[in-house]
Structures are given as structure tokens and as C-alpha cells.
2 protein chains.
Amino acid sequence: MLRFDPRLYLVTQRYNYSREEFLERVDAAIRGGVSAVQLREKQAEGREFCELALALGALCRQRRVSFWVNDRVDVALAAQADGVHVGQADLPAEALRRILPRQTLLGVSAYTVAEAQAAEQAGADCVGCGALFSTETKPIKLLSREELQAIRAAVRIPILAIGGINADNAAVPIAAGADGVAVVSAIMLAADPHAAAKKLRQVVDEALATRQ
Amino acid sequence: MLRFDPRLYLVTQRYNYSREEFLERVDAAIRGGVSAVQLREKQAEGREFCELALALGALCRQRRVSFWVNDRVDVALAAQADGVHVGQADLPAEALRRILPRQTLLGVSAYTVAEAQAAEQAGADCVGCGALFSTETKPIKLLSREELQAIRAAVRIPILAIGGINADNAAVPIAAGADGVAVVSAIMLAADPHAAAKKLRQVVDEALATRQ
């Protein structure tokens, strides 16, 4: 059994939203079908990041979806997040597993089979793989469908596909073996984040059902 | 009794030194009289920061001086640092005290009596106060000698004076009640870091002796 529901994983970006608008958009997206939320704040200082994490964590607990913090272990611990997600340039998974409480989930970005296997070996609970499609959120080398299938064959932990995913293409990574899709702009920049999440979730659920 | 020796506290900055030059300079400075070292890396990504912290922490343990990490609790924990130092924009001291192991020292930058008292109240083991003198390392409002004396009168924890301190002026904050001086460029940019540290330590020790 999965320790969290990876089907529709929202990675936040503040864009120009006020704090209230931001929280309202995430809440609408959760009610639409988002199953996990990761707070990613590349610009904010620690205190501001922490305050936002406390607010978003409270919302996620209330809505019963898992809450993840990108990169900052201190913020994750202070906000009692369910998980921490790190990239290959952040602290190595082995070091994180030693300092994190046992119950804290650990996600690791992996771009190759070797990175995904190393992450699983080090105790990661999921890997984020991508980008399958080009994206403006984060410039990154594209991962082919075959590479994603190879990662699927190589690890047992859940795989989140990330990068340029929207309702039109979300079925592709699921068909290739991903357990869920992670999105940023497809929800955060949607005119109606509730409707966008609902549509995405429907696509993912249908693709998962077709695969089984 | 103080839980660490605050007399000459080196805050590192990489400048353009290679990793080897950097570690050699810090080592020379410790042999010259530095009593505590704080790794401050504002640019490095987590993994690089962590690797440097492991190397510098090992050096400090070998030389028996306390080792502090600026801001990043995860790096401090991974490197088993003696302390973490945070600014007013980082996570609040209360939150850090909750997530840090009991034995980990906590330093907090404080620019006013109120901030210093709040830090002590929240469980800080020392405060860094400044800048007393203008500095190019970090642009900051100057603290007067009277303000430093007022902070001294208001808290019991050690006070580190920081900002623009060198051998010519290091006696001033000590006379005003600081327990030590924190320096960056006076050692890191010195032609001879060993000699610079030795001279600074001598000035601090004499000023402390005069005060008592």
C-alpha cells in the first residue's frame, strides 16, 4: 500500500498571488482532486517560507491530503510536514534519512535510472521524474517515454511524472508506468484551479484504470 | 560557564578561494586563535554546502573549536555541527528550539534590545549584534556603543559583536560588554590569516582582561 496518494500532486508556485489568493487556489485545487501538495518556495527567506508552510500544512491536514516541503528540512520539521522533496543538488537522500524522523516521507527528483535506484536505495519514498514535456516552470532536459518506462522497471517506489503536464497529456506518463502526475502551472495558473484539478484527476484516474 | 568559547568567532565567506585554500585559511586562523567557526554559504546549493560543512566540521572537531552552520538546520544536523546561527529573516528561534536536538547550540542575530531579549527567551545560546562599524560584507544599519551596552544589560547569554571588526577596533565592543567578536573579512581576506587571527585574539584577550 502506498503511504500517500500520488495521483495528482500539486507543486506550488506563488507567481504574483497574494497569500490569501494562493491559499484559496490551493484549497480549490484540493477540492477538485489534488491528492498531495508540495510547497516550493525558491525565493522566500526561511521565516516567510515557514509561515506559509504552517498555513498550507494546516489546510492540507484539514483536507486530508499529504503535505510536502521542497528542499528545506527545517521548514518541513517546523511545519510538521508529511514529507520533504529534494533535488539532486540538495542534500543527499542518505544524509536526509539520517536526520529526518522515521515517519517523514522523502521524495527525490531523479532524471535517470541510476538516480532513481540510488534514491530508492537511500530510503526515498517516491521519485519525481521528468520533464516529459517542455515546460516554462523549470528548464530541464526532456525524459523520453522509454526512459520513464525503464525507471518504472527499475524501482518499486511510486513515481511522479513532472514537467509540462496538463490534462491533454497526463495520460501519457501514467500509461508509461507513473503512479501520478505532478503539476505546477496547469493548476496554479489555471483560470479555475478547481476545474483544472478535477479534469486532471479524471484523466489520471482513467489512465490508471485502463492500465490495470 | 559558557558552553562555547566566543572570544574570536570566525564567520566564513568563500570569496574566490578554492575549497583547499579555504580550508587551509580557516585552519591557519584556528591555529592563530579563532575559538569558534561558522560556515556561512549564501550561494551554495544544499549538497555543496553539506559537503563543505562535513569537511569544515571535521577540521573544527580536530582543532577543538565549536563549529556552527549559518541558517541551514539540515546541513547543521547532517554535519553534526555544535550550533546553528540564524538571522531575523530565518526561522524563528522558538521553532528552531523545537526541532533542534537539545545539545545543539543556537545563535540568533539581534539588532535591538527587544530582539536580543526575545532570542534569549526563545532559548538562544548567544546573540550576534552589530554592525558596530561599517562593513562591506553585509550592508546593515550601524549599532551604537550605547545600544550594545543596553543589550548587554538586557540579556545574560553571550554577545558576539559583528560587523566591520578588525584588530584596530576589536577592543571597543569588548569594552562595551561583548563576550567576543565575530569577523569575516578581517581574517578571510587577510594576507596572513594566522597572523590576523593571532593579533585579533590578543586584542580581545587584553580587552577582556582590562574589563575584569
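Modeller: Helix 5 and helix 6 of chain B cross in the right-handed sense. This is a predicted model, and every value below is computed from it. Helix 5 of chain B covers residues 113-121 and helix 6 of chain B covers residues 145-154; their axes lie 9 Å apart, and the packing angle is about 30°. Angles under 35 degrees count as roughly parallel, so helix 5 of chain B is roughly parallel to helix 6 of chain B. On the helix 5 side of chain B, the contact is made by B:V113, B:A116, B:Q117 and B:E120, and on the helix 6 side by B:A150, B:I151 and B:A154. By residue class, this contact of helix 5 with helix 6 in chain B divides into five nonpolar residues, one polar and one charged.

B:A131 sits in the loop between strand 6 (126-130) and helix 6 of chain B. The peptide bond leading from B:G130 into B:A131 is cis, and its omega is near -5°.

Chain A can be described in the corresponding terms. The axes of its helix 5 (residues 113-121) and helix 6 (residues 145-154) come within 9 Å, with a crossing angle of roughly 30°. Helix 5 of chain A is therefore roughly parallel to helix 6 of chain A. The crossing of these two helices of chain A is right-handed. Helix 5 of chain A contributes A:V113, A:A116, A:Q117 and A:E120, which meet A:A150, A:I151 and A:A154 of helix 6 of chain A. Five nonpolar residues, one polar and one charged make up this contact of helix 5 with helix 6 in chain A. In chain A, a cis peptide bond joins A:G130 and A:A131, with omega about -5°. A:A131 belongs to the loop between strand 6 (126-130) and helix 6 of chain A.

Helix 1 (residues 19-32) and helix 9 (residues 193-211) of chain A have axes that come within 7 Å and cross at roughly 35°. The crossing of helix 1 and helix 9 of chain A is right-handed. From helix 1 of chain A the contact takes A:R25, A:A28, A:A29, A:R31 and A:G32, and from helix 9 of chain A it takes A:P193, A:H194, A:A197, A:K198 and A:R201. These residues of helix 1 and helix 9 of chain A divide into four nonpolar, two polar and four charged.

The surroundings also include the interface between the chains. There, 19 residues of chain B are in contact with 19 residues of chain A. The area buried between chain B and chain A is about 1700 Å², and carbon and sulfur atoms give 59% of it. B:R47, B:D74 and B:L91 supply 34% of the area that chain B buries against chain A, more than any other three residues. Two salt bridges are counted between chain B and chain A. A:D71 forms a salt bridge with B:R72, and the closest N and O atoms of that pair are 3.3 Å apart. A:D71 lies in the loop between strand 3 (66-70) and helix 3 (73-78) of chain A. The phi angle of A:D71 is near 75°, a positive value in a residue other than glycine.

Notes: Residues numbered from 1 in each chain as written. Chains lettered and ligands numbered in written order. Predicted model: local features only at pLDDT ≥ 70, side-chain atom pairs only at ≥ 80, totals over all residues. Heavy atoms only, no water. Axes fitted to C-alpha atoms, helices over the stretch in contact; angles between N-to-C directions. Helix = DSSP H or I, 4+ residues; strand = E, 2+ residues; numbered from the N terminus. Parallel < 35°, antiparallel > 145°, perpendicular 65-115°, else oblique. Left-handed = near helix turned anticlockwise from the far one by under 90°. Contact = heavy atoms within 4.5 Å. Nonpolar A, V, L, I, M, F, W, Y, C, P; charged D, E, K, R; others polar. Buried area = accessible area lost by both parts, 1.4 Å probe. Salt bridge = Lys/Arg side-chain N within 4 Å of Asp/Glu carboxyl O.
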